Amino acid sequence: SEVVRILAATGSAVLVKSPREWTVIASYGTSEAGRLADGAERQLAEQAIADRSIAGMGVTTPARSRPKRIIVPRGREAAFPAGRSVAFVPIRLGDEIRGVLRVDGPLGNSPFQREPAPILTAIAAEAAVSLHRLELSREAAHAAALQEADEMKTALMASISHDLKTPLASIK
């Protein structure tokens, strides 16, 4: 939500890649912000990760002002609706890439409209920390479930052991 507010963008989303596909794990803004990445967007997300830099297509300024081009993938024009833009920012924690931040435009009137890269990089760094905390939380919940299962197993074995002692003593 802060990305949309700070940049006056139309929407933003955090995408992570599983072995086969990109998944939106959080989005804010227009209903389209939570969309799945299409072929061109997947290519841009992959490019952002490979280059470890912002990749995008479209324009970064509102349609009524003179448009300023943002990064075009591999030097070719990408088919994208007029007046719209999208930027993909790698979400990095140290040397590890955790996903991408997708920002839909055009960017509105904000102090960062002309040069959004520094603020996008800072927001992506915060997103990396949030993703890391989410992963740690999931791992902690999994560890707690395993510990609870182990405690139940121990209690069950103790109960069975106790319940079998009397019959075994009488059989002996």
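Alanine 8 is partly exposed, with a relative accessible area of 32%. This residue sits in the loop between helix 1 and strand 1. Most residues other than glycine have a negative phi. The model you are looking at is predicted.

Arginine 52 is another residue to check. It is not a glycine, yet its phi is positive, at about 55°. Where does arginine 52 lie? It lies in the loop between helix 2 and strand 3, which covers residues 55–58. Its relative accessible area is 37%, so arginine 52 counts as partly exposed.

Now turn to charge. Side chains of opposite charge can pair when their charged atoms come close. How many salt bridges does the model have? The count comes to 8.

Start with glutamate 2 and arginine 5. They form a salt bridge, and their closest N and O atoms are 2.5 Å apart. Both belong to helix 1, residues 2–7. They are 3 residues apart there, so about one helical turn separates them. Glutamate 2 is partly exposed, at 42% relative accessibility. Arginine 5 is exposed, because its relative accessible area is 59% and the exposed class begins over 50%.

The next pair reaches across the sequence. Lysine 17 forms a salt bridge with glutamate 46, with the closest N and O atoms 2.5 Å apart. Lysine 17 is in strand 1 (residues 11–17), while glutamate 46 is in helix 2 (residues 39–51). The pair therefore ties together parts that are 29 residues apart in sequence. Lysine 17 is partly exposed, at 43%. Glutamate 46 is partly exposed too, at 32% relative accessibility.

Is arginine 98 buried or exposed? Arginine 98 is buried, with a relative accessible area of 12%. Arginine 98 forms a salt bridge with glutamate 96, and here the closest N and O atoms are 3.5 Å apart. Glutamate 96 is partly exposed, at 44%.

Salt bridges can also be linked. Arg35, Glu41, Arg102 and Asp104 are joined in a network of them.

Now look inside. In soluble globular proteins, nonpolar side chains tend to be buried together. The largest nonpolar core here has 18 residues. Val3, Leu7, Val89, Ile91, Leu101, Val103 and Leu120 have the most contacts inside this core. Which elements each supply at least two of its residues? They are helix 1, strand 4 (85–93), strand 5 (96–105) and helix 3 (117–171). Helix 3 gives the largest share, 7 residues.

Setting aside neighbours within four places in sequence, isoleucine 91 is in contact with several residues, among them Val14, Ile97, Leu101, Ala124 and Leu131. Its contacts also include Glu96 and Arg98, the pair that forms a salt bridge. A second, separate core has 11 residues, including Leu15, Trp22, Leu44 and Val86.

Finish with alanine 48, in helix 2. Alanine 48 is buried, with a relative accessible area of 0%. What does alanine 48 contact, leaving aside its neighbours within four places in sequence? The contacts are Ser53, Ala55, Phe88 and Pro90. Phenylalanine 88 is 40 residues from alanine 48 along the chain, yet their C-alpha atoms are separated by 6.3 Å.

Note on methods. Residues are numbered from 1 along each chain as its sequence is written. This is a predicted model: local features need pLDDT of at least 70, side-chain atom pairs count only at pLDDT 80 or more; totals for chains, interfaces and linings use all residues. Side-chain values use heavy atoms; hydrogens and water are left out. A salt bridge is a side-chain nitrogen of Lys or Arg within 4 Å of a carboxyl oxygen of Asp or Glu. Helices (H or I, at least four residues) and strands (E, at least two) are DSSP runs, numbered from the N terminus. Buried means under 20% relative accessible area, exposed over 50%, partly exposed in between (1.4 Å probe, protein chains only). Contact means heavy atoms within 4.5 Å. A nonpolar core is a set of buried Ala, Val, Leu, Ile, Met, Phe, Trp, Tyr and Cys residues joined through side-chain atoms within 4.5 Å.
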